[in-house]
Amino acid sequence: MPVKVITDHVALTKVTNGKNLSSRMIRWALKLVEFNIEWEHRPGVQNVVADVLSRNPVGNLDGSQISCPALRALALNSR
């Protein structure tokens, strides 16, 4: 069963299907092919999980704004 990775980093999605990759990128692609990963690009504005984890300081968030229960619990417990 593949692991679905949703990222706002478009370069990661190009590693598996990109053309004219550098030797370094080819080495990374060969390493990543060992894992059953399904890549999906989601622009930063639409990637709310990334926003919660990396763009918004936890102290400025009201826990009710976070839809994921695990992340909401982390935000509320870290205060």
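A: A salt bridge is a side-chain nitrogen of Lys or Arg within 4 Å of a carboxyl oxygen of Asp or Glu. Side chains of opposite charge can pair when their charged atoms come close. The model shown here is predicted, so local features need pLDDT of at least 70, side-chain atom pairs count only at pLDDT 80 or more, and totals for chains, interfaces and linings use all residues. Residues are numbered from 1 along each chain as its sequence is written, and side-chain values use heavy atoms, with hydrogens and water left out.

Q: How many salt bridges does the structure hold?

A: The structure holds 3 salt bridges. In one of them, the side chains of Lys-4 and Glu-40 meet at 2.9 Å, N to O. Lys-4 lies in strand E1 (residues 3-7) and Glu-40 in strand E2, so this pair ties together parts that are 36 residues apart in sequence. Strands (E, at least two residues) are DSSP runs, numbered from the N terminus.

Q: Which residue forms a salt bridge with Arg-42?

A: That partner is Glu-40, with the closest N and O atoms 3.3 Å apart. Salt bridges that share partners join Lys-4, Glu-40 and Arg-42 into one network.

Q: Is Glu-34, which pairs with Lys-31, buried or exposed?

A: Buried means under 20% relative accessible area, exposed over 50%, and partly exposed in between (1.4 Å probe, protein chains only). Glu-34 counts as exposed because its relative accessibility is 54%. Lys-31, at 43%, counts as partly exposed. The closest N and O atoms of Glu-34 and Lys-31 are 3.6 Å apart.

Definitions and conventions. Helices (H or I, at least four residues) and strands (E, at least two) are DSSP runs, numbered from the N terminus.
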